[in-house]
Amino acid sequence: MKLTLKVWRQNNPSDSGRFVEYQANNVVPDMSFLEMLDVVNGDLMAQGQEPIAFDHDCREGICGSCSLVINGRAHGPTRGTTCQTYMRNFSDGQTLVIEPWRAKAFPVLRDLVCDRSAFDRITQAGGYISSNVGGAPDGNALPIPKVVADKAMDAAECIGCGACVAACKNASAMLFVSAKVSHLGLLPQGQPERTARVRKMVSQMDKEGFGACTNQYECEAACPKEISADFIARMNGDYLWASVTTEE
Amino acid sequence: MSSFVPIPSSSIGCKFFMGITGLLLIGFVLGHMTGNLLIFMGPEAINEYGEFLQTMGHGVLIWVARIGLVAIFTIHMALAFALRNKNNNARPVPYGADGTIQASWASRHMMLTGIVIFLFLVYHIAHFTVGAIDPDNHKEVIARDIHNKFDIYSMVVKGFQQPLVSGLYILAQLALGLHLSHGAGSWLQSLGLARGWVRKLILPLGYGIAGIIVVGNCSIPVSILLGWVK
């Protein structure tokens, strides 16, 4: 396969950045997208040029490091992470526009790498349980209905990759925050701090400069872990309830 | 006492009030349409309805309603601009390629259709309420009906017999329909209700209410243009 790549190149956070066109001539359909970039980078280095910087780690679709917008779609045209996107999903001769996540809260550090520590700060604001729950309890000592446990696990699947922010036309982080709020808020251990948690995390989300939700569910459609936008409604409800019940 | 108010500092609070004011405006639009459809029952029905609106509560309630509507509209629009500003700031550098997966055209152009609706509203009030567009055909100028009530029926019929005026109203209703196709269901999410089966109501509610309002409101100018109501 031969592809034309329009890749975002940016030297540092203060550089304004630009698209640079490259030809990828030795693409095998069974390569992953990141392997294709590895080959392109090999060619660039052989020519004495700077390789394209991009984030990656596990390359197994579980760590949430990879973060490319391919032809306007976060993680590319298929459901799943960029590392699990394969070149067979593209056609020979196609032009691919490759960009980083674009959000004020995710400043681009270099080329396709952006700083997602805003998510860490949101988690630090309230995505934890500080009540002392003692040692590991006996199995089934704390009954949790299966549907609740399943839902909490669904929310906990979030790998914090930021595709929801990238896909949202407002660069909103509502799906990420709602998943983090919900996976603790659904379980008994998370109840004591439930209202404080949602308030603190939403407040931090707003402070980071993410946009607001327009209820289009682009985030849900792009999420590689298929986190449901139902969690956003759940967080809205929790937040509004917290706003009228908190006595501080 | 709670010291924590979600508006105007939080995005969720803004969206909550956006949803509430939108819901109230939908109620108004549905009520307004239902009243206007009385035109199909003849001059007496709609003229009597007009008289009722003008005189209810000794003529005070209509002003209460008007001031309330202006307040709701103002809050809805102010929040829209505030949210738009926040959202624009959240993505200073746009994408080089559009990769919209499922968001409808209407949901991506709420500001545009909203502005069209606002401009239409100014025209509509100038046209039928104030009488500034066509002063010779205003209820306060034309002869009253046989019951000595404002002849709203004749004013509306004469107004809509002009194809340009009718066309303008129909176009505005299409903008309203697009706006509602997203907004009339989206409040369920903003108010935190759209979970499980309730979420399945978003699309049918949006398109259903939009459809009812477009068909209902457009039926009046279309019927007058076709000569079914004269």
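# Briefing: strands, domains, helix packing and chain contact

In chain A, strand S1 (residues 3-9) is joined by seven bridges to strand S2 (residues 18-24), and the two run antiparallel. This is a predicted model, in which local features need pLDDT of at least 70 and side-chain atom pairs count only at pLDDT 80 or more, while totals for chains, interfaces and linings use all residues. Residues are numbered from 1 along each chain as its sequence is written, and chains are lettered from A and ligands numbered from 1 in the order in which they are written.

**Strand pairing**

- Strands (E, at least two residues) and helices (H or I, at least four) are DSSP runs numbered from the N terminus, and two strands pair if DSSP finds at least two bridges between them.
- Trp8(A) has Phe19(A) of S2(A) as its bridge partner.
- Four bridges pair S1(A) with S5(A) in the parallel sense, and Leu5(A) stands opposite Leu96(A) in S5(A).

**Domains of chain A**

- The domain assignment, which is automatic or from a database, gives domain 1 (3-110) and domain 2 (117-245).
- The centres of domain 1 and domain 2 of chain A, taken over C-alpha atoms, are separated by 29 Å.
- Their contact takes 18 residues from domain 1 of chain A and 15 residues from domain 2 of chain A, where residues are in contact if their C-beta atoms, placed from the backbone, lie within 7 Å.
- On the side of domain 1 of chain A that touches domain 2 of chain A there are eight nonpolar, six polar and four charged residues; Ala, Val, Leu, Ile, Met, Phe, Trp, Tyr, Cys and Pro count as nonpolar, Asp, Glu, Lys and Arg as charged, and the others, Gly among them, as polar.

**Packing of H2(A) and H6(A)**

- The axes (lines fitted to C-alpha atoms over the stretch in contact, with angles from 0 to 180 degrees between N-to-C directions) of helix H2 (residues 117-126) and helix H6 (residues 194-208) of chain A come within 7 Å and cross at roughly 155°.
- H2(A) and H6(A) are therefore roughly antiparallel to each other, a term for angles over 145 degrees.
- Residues making the contact include Ile122(A) of H2(A) and Met201(A) of H6(A).
- By class, this contact of H2(A) with H6(A) has six nonpolar, two polar and four charged residues.

**Contact between chains A and B**

- Chain A has 43 residues in contact with 40 residues of chain B.
- Strand S5 (95-99), H6, helix H7 (218-222) and helix H8 (230-245) of chain A each supply at least two residues of the side that touches chain B.
- H8(A) gives the largest share of that side, 11 residues.
- The side of chain A that touches chain B has 17 nonpolar, 14 polar and 12 charged residues.

Methods:
Parallel < 35°, antiparallel > 145°, perpendicular 65-115°, else oblique. Contact = placed C-beta atoms within 7 Å.
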